[in-house]
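Work through the exercises below with the structure open. Each task is followed by a solution in steps.

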Amino acid sequence: MGWDRAWFQHPGLWVPVLAVLLGACQALPIPDSSPLLQFGGQVRQRYLYTDDAQETEAHLEIRADGTVVGSAHRSPESLLELKALKPGVIQILGIKTSRFLCQRPDGRLYGSLRFDPEACSFRELLLEDGYNVYQSEARGLPLRLPHGPPTGDLPPRGPARFLPLPGLPPAPPEPPGGLAPAPPDVGSSDPLSMVWPSQGQSPSYTS
């Protein structure tokens, strides 16, 4: 019996074969890596700066003990990693302290070593003036930089508009102490002082 005759006489036998072939040839979607879209996996290093109502000028800082404060100047504790969990929703991690920025049910902020999706996921909303507002995805409470001491059971006061400033690479380390060696005398017949080395000077220009 030829293959052509078997195809017409028993067409049902080819259905599983075709299903396997089509499944093997099915293409997988390519993730979009455009920086303009907040898809999962996008990571940014930012300082969250605020000068809300010109009353406070500070950078959000996550300290090693889990407290969240405002720092007048940039510091290693204020450099944050903003990672997209899904479109429009991010997690915020303190790079130096490895603590996630989280929010309690009363709106107070704290740094946690463990990521809790309900407490540590924030919706990022872009304002017309370039500032951002961050809201708890689970509760809808705005992220506010603590300003002043706690006031009992009242919600925290403080600025809620933040300007994400790009994180700058660390400054290069300063050279070790000591004077730099003098450059060789290229006009001399013995620029490396190999024949008559000067006192205290080696050919390698190290003191």
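Buried means under 20% relative accessible area, exposed over 50%, and partly exposed in between. The model used here is predicted.

**Exercise 1.** Classify arginine 108 and its salt-bridge partner as buried, partly exposed or exposed.

Step 1. The partner of arginine 108 is aspartate 106, with N and O 2.9 Å apart.
Step 2. Arginine 108 has a relative accessible area of 21%, so this residue is partly exposed.
Step 3. Aspartate 106, at 34%, is also partly exposed.

**Exercise 2.** Do the classification again for the salt bridge between glutamate 61 and arginine 63.

Step 1. The closest N and O atoms of this pair are 2.9 Å apart.
Step 2. Glutamate 61 has 6% relative accessibility and therefore counts as buried.
Step 3. Arginine 63 has 39% and counts as partly exposed.

**Exercise 3.** Determine which parts of the chain are tied together by the salt bridge of lysine 86 with glutamate 137.

Step 1. In this pair the closest N and O atoms lie 2.8 Å apart.
Step 2. Lysine 86 belongs to strand β4 (residues 80-86), while glutamate 137 is in the loop between β9 (132-136) and β10 (163-166), so the bridge joins parts 51 residues apart in sequence.
Step 3. Lysine 86 is partly exposed at 39%, and glutamate 137 is partly exposed at 30%.
Step 4. The structure holds seven salt bridges.

**Exercise 4.** Find how many aromatic pairs the structure has, and describe the one formed by tyrosine 134 and phenylalanine 162.

Step 1. A search of the whole structure gives two aromatic pairs.
Step 2. In the pair of tyrosine 134 and phenylalanine 162, the ring centres are 6.3 Å apart and the planes stand at 55 degrees, so the pair is tilted.
Step 3. Tyrosine 134 lies in strand β9 and phenylalanine 162 in the loop between β9 and β10, so the contact ties together parts 28 residues apart in sequence.
Step 4. Tyrosine 134 is buried, at 0% relative accessible area. Phenylalanine 162 is buried, also at 0%.

**Exercise 5.** Which tyrosine rings have the charged ends of arginine 104 and arginine 161 over them?

Step 1. The charged end of arginine 104 is placed over the ring of tyrosine 110, 4.2 Å from its centre.
Step 2. The charged end of arginine 161 is placed over the ring of tyrosine 131, 4.2 Å from its centre.

**Exercise 6.** State the confidence of the chain and of residues 24-40.

Step 1. The mean pLDDT of the chain is 74, and 53% of its residues reach 70 or more.
Step 2. Over residues 24-40, pLDDT stays under 50.

Note on methods:
Residues are numbered from 1 along each chain as its sequence is written. This is a predicted model: local features need pLDDT of at least 70, side-chain atom pairs count only at pLDDT 80 or more; totals for chains, interfaces and linings use all residues. Side-chain values use heavy atoms; hydrogens and water are left out. pLDDT is the predictor's confidence in each residue, from 0 to 100. Contact means heavy atoms within 4.5 Å. A salt bridge is a side-chain nitrogen of Lys or Arg within 4 Å of a carboxyl oxygen of Asp or Glu. Buried means under 20% relative accessible area, exposed over 50%, partly exposed in between (1.4 Å probe, protein chains only). Helices (H or I, at least four residues) and strands (E, at least two) are DSSP runs, numbered from the N terminus. Rings of Phe, Tyr and Trp (its six-membered ring) pair if their centres lie within 6.5 Å; planes under 30 degrees apart count as stacked, over 60 as edge-to-face and the rest as tilted. A charge sits over a ring if NZ of Lys or CZ of Arg is within 6 Å of the ring centre and within 35 degrees of the ring normal.
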